Amino acid sequence: MATLRPFTCDDLFRFNNVNLDPLTETYGLSFYMQYLAHWPEYFQVAESPSGEIMGYIMGKAEGHGEDWHGHVTALTVSPDHRRLGLAASLMKFLEDLSEKKSAYFVDLFVRVSNTVAIKMYQQLGYINYRTVLEYYSGDPGEDAFDMRKALSKDTKKMSVIPLSHPVRPEDVD
């Protein structure tokens with residue numbers, strides 16, 4: 001059984017096993033510290049009873065007006081702890097927090113090739129809002145789906161009406 005708790009600075013020295021997955025974006029230390037400083041409530045870790053980090057979610061709240069939303073920057077679970085529902089639990093945590101902050105929706109970006117994650121997000125109620133061309137670096141860059149889930153504040157579900165055309169990364173607000 002896992003415990004969800006706030007991510008701490010010390011966790012930066014203990015979470016390498018979680019970041020080894022090639023589909024997990026790994027950032028520089030300053031990037032993690034920026035999130036920890038600005039949105040600490042959106043940075044949670046799933047920890048085993050023995051203290052092992054099983055996964056984490058890192059996000060933020062952003063936007064204005066009807067674009068005010070929770071954003072998932074990173075969600076990952078170590079290969080040894082997959083298929084236990086940890087990713088869904090971490091997503092529920094972030095969604096509930098965004099709901100408390102009166103967000104209209106939660107969004108995230110996922111590689112179009114990451115079919116396992118896409119299926120999970122769809123099962124959690126997310127839709128493909130739009131495709132972002134060459135969002136992920138590489139040669140060639142890989143496209144991403146911008147996936148969204150409306151929250152209760154968006155009573156008319158306007159935030160999840162899909163765009164019919166792809167966009168470029170510079171067009172993403």
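Modeller: Helices and strands here are DSSP runs (H or I, at least four residues, for helices; E, at least two, for strands), numbered from the N terminus. This is a predicted model, with local features needing pLDDT of at least 70, side-chain atom pairs counting only at pLDDT 80 or more, and totals for chains, interfaces and linings using all residues. Residues count from 1 along each chain as its sequence is written, and side-chain values use heavy atoms, without hydrogens or water.

Biologist: Which strands stand at the edges of the sheet?

Modeller: Seven strands make an open, mixed sheet, ordered β1-β2-β3-β4-β5-β7-β6. Two strands pair if DSSP finds at least two bridges between them. Two of the strands have a single partner each, so one side of each lacks a neighbour in the sheet; they are β1 (3-6) and β6 (127-136).

Biologist: What is the bridge partner of Arg130?

Modeller: β6 pairs with β7 (residues 142-150) in the antiparallel sense, over six bridges. Arg130 has its partner in β7, and that residue is Asp146.

Biologist: At about what angle does α3 run to β5?

Modeller: Helix α3 covers residues 115-123 and lies across β4, β5 (105-111), β6 and β7. Axes are lines fitted to C-alpha atoms, for helices over the stretch in contact (heavy atoms within 4.5 Å). Angles are taken between N-to-C directions, from 0 to 180 degrees. For α3 and β5 the angle is about 165 degrees.

Biologist: Is Glu134 buried, partly exposed or exposed?

Modeller: Glu134 sits in strand β6, and its phi is positive, near 50 degrees. Most residues other than glycine have a negative phi. Buried means under 20% relative accessible area, exposed over 50%, and partly exposed in between (1.4 Å probe, protein chains only). The relative accessible area of Glu134 is 42%, so Glu134 is partly exposed.

Biologist: What is the relative accessibility of Lys157?

Modeller: Lys157 lies in the segment after β7. Its phi is positive too, at about 55 degrees, although Lys157 is not a glycine. Lys157 counts as partly exposed, because its relative accessibility is 40%.

Biologist: Which element gives the most to the lining of the largest pocket?

Modeller: A pocket is an open set of points on a 1 Å grid over the protein atoms alone, where a 1.4 Å probe fits, with protein on both sides within 12 Å along at least five of seven lines; lining residues have an atom within 4 Å of a point. The largest pocket has 46 lining residues, and those closest to its centre are Leu75, Thr76, Asn114, Ala117 and Tyr121. Elements giving two or more residues include α1, α2 (86-100) and α3. With eight residues, the top contributor is β4.
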